[in-house]
Amino acid sequence: MRHPRDFFKPLAVGAPEPVREIPVPPSRMIHFFDPSNEKMRAKLPAIAAKADIVLGNLEDAVPVDRKESARAGLVEVGKTADLGGTPLWTRVNSLESPWVLDDITTLVTEIGDQLDVIMIPKVEGAEDIHYVDRLVAQLEAKAGVTRPILLHAILETAQGMANVEEIAFASPRMQGISLGPADLAASRRMKTTRVGGGHPGYVSISDPTDAEDLEVGRVRAQQDPWHYTVARMVDACVSAGILPFYGPFGDIKDTVACEAQFRAAFILGCVGTWSLHPVQIDIAKKVFSPDPAEVAFAKKIIESIPDGKGVHMIDGKMQDDASWKQAKVLVTLAEQLAQDDEELKAAYGF
Ligand SMILES: CCC(=O)SCCNC(=O)CCNC(=O)[C@H](O)C(C)(C)COP(=O)(O)OP(=O)(O)OC[C@H]1O[C@@H](n2cnc3c(N)ncnc32)[C@H](O)[C@@H]1OP(=O)(O)O
Ligand SMILES: O=CC(=O)O
Ligand SMILES: [Mg+2]
């Protein structure tokens, strides 16, 4: 483990100083695009105008024979595309793959100043982050990159899950963690072919209303198989001062279930999610921008309790120091999002 006094020292001579606070721009969705797809590249400026973050994906979903053109396509995006200030991220191939060394080397040296965050898949422990941390520092120094590129881990193996806290704390470069429900399901041997979301077999069941007939009057309710994982990931991230994200929802046509999964993650503390298709950008924007009615009530709490202390009744509900802090979370997020969004500003009454 690094000495606390050395934690914020660059890992290579000439690399930029690590950041002390993780920047928190609007991060409601990380929009995935395939940089080997010329059509998607051409559309990227229009997508970037709607999305909070765009990510050129080099890993799973990009076929083996397009790995190199995806990397080259992302370099072209970094050098030429006008993204209007929307952060550009990448997801590189996994650390045991034959492509990752060239992914990181090429991207940092060619477009290091345009790249905000590198997402690392299948992270299993702090050692994976330490490896990338040092490599990126060496490449930043070599290329003269002026601000540090941050790292984001995908939580998608049982081993990574067991080590989530040490991953979150592994480096000052750590920006956040996303849930990877597809790989995680496979790693855990969960019995589902779905990418994120619930499963009709994962239910809880009410008691029978007829002792003789066990079929009568029983209500089944689907449970969220990701509840434990998301909640633990949120605690690991918040305790390390980094940002937790839900991940992919693969049933693109089921916009209703997608919205429900995103909302469950938002309520549990995630700041955003992935969008795999343009339709999911709007869902994420709606879900990860707090509900105006809830913001209005939170504002009322803050206005009614200027010093945030003591016990109060507001609209029949008890409020105290702790619920004032809850209100502050919602209002602070609403204020931040309203800064660049006239529609939200009006909806929140700022
Ligand atoms: C499972 C674990 C993971 O690793 S998830 C992360 C890896 N997967 C991905 O990154 C998938 C990204 N998404 C996609 O490739 C596509 O959206 C998939 C899912 C294949 C669906 O594409 P397609 O059948 O073309 O959808 P569509 O006909 O409804 O498309 C309508 C127009 O929108 C475009 N589009 C689609 N997806 C994106 C995207 N992610 N970013 C930008 N544009 C996108 C399509 O090209 C299509 O455009 P046009 O109307 O033909 O001009
Ligand atoms: O990479 C994401 C996943 O769900 O697997
Ligand atoms: Mg995965």
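Author: Helix H12 gives the most to the lining of the largest pocket, with ten residues. Helices (H or I, at least four residues) and strands (E, at least two) are DSSP runs, numbered from the N terminus. This is a predicted model, in which local features need pLDDT of at least 70, side-chain atom pairs count only at pLDDT 80 or more, and totals for chains, interfaces and linings use all residues. Residues are numbered from 1 along each chain as its sequence is written, chains are lettered from A and ligands numbered from 1 in the order in which they are written, and side-chain values use heavy atoms, with hydrogens and water left out.

At least two lining residues each come from H8 (227-240), S9 (243-245), H9 (255-268), H10 (278-288), H11 (292-304) and H12 (321-338). Domain 1 (4-288) and domain 2 (294-348) both contribute to this lining, so the largest pocket lies between them; the domain bounds come from an automatic or database domain assignment.

The volume of the largest pocket is about 1,000 Å³. Among its 36 lining residues, Phe266, Gln326, Val329, Leu330 and Leu333 are the closest to its centre. A pocket here is an open set of points on a 1 Å grid over the protein atoms alone, where a 1.4 Å probe fits, with protein on both sides within 12 Å along at least five of seven lines; lining residues have an atom within 4 Å of a point. Points are joined across faces, edges and corners, and a volume is the space filled by probe spheres set on them.

By class, the lining holds 23 nonpolar, seven polar and six charged residues. Ala, Val, Leu, Ile, Met, Phe, Trp, Tyr, Cys and Pro count as nonpolar, Asp, Glu, Lys and Arg as charged, and the others, Gly among them, as polar.
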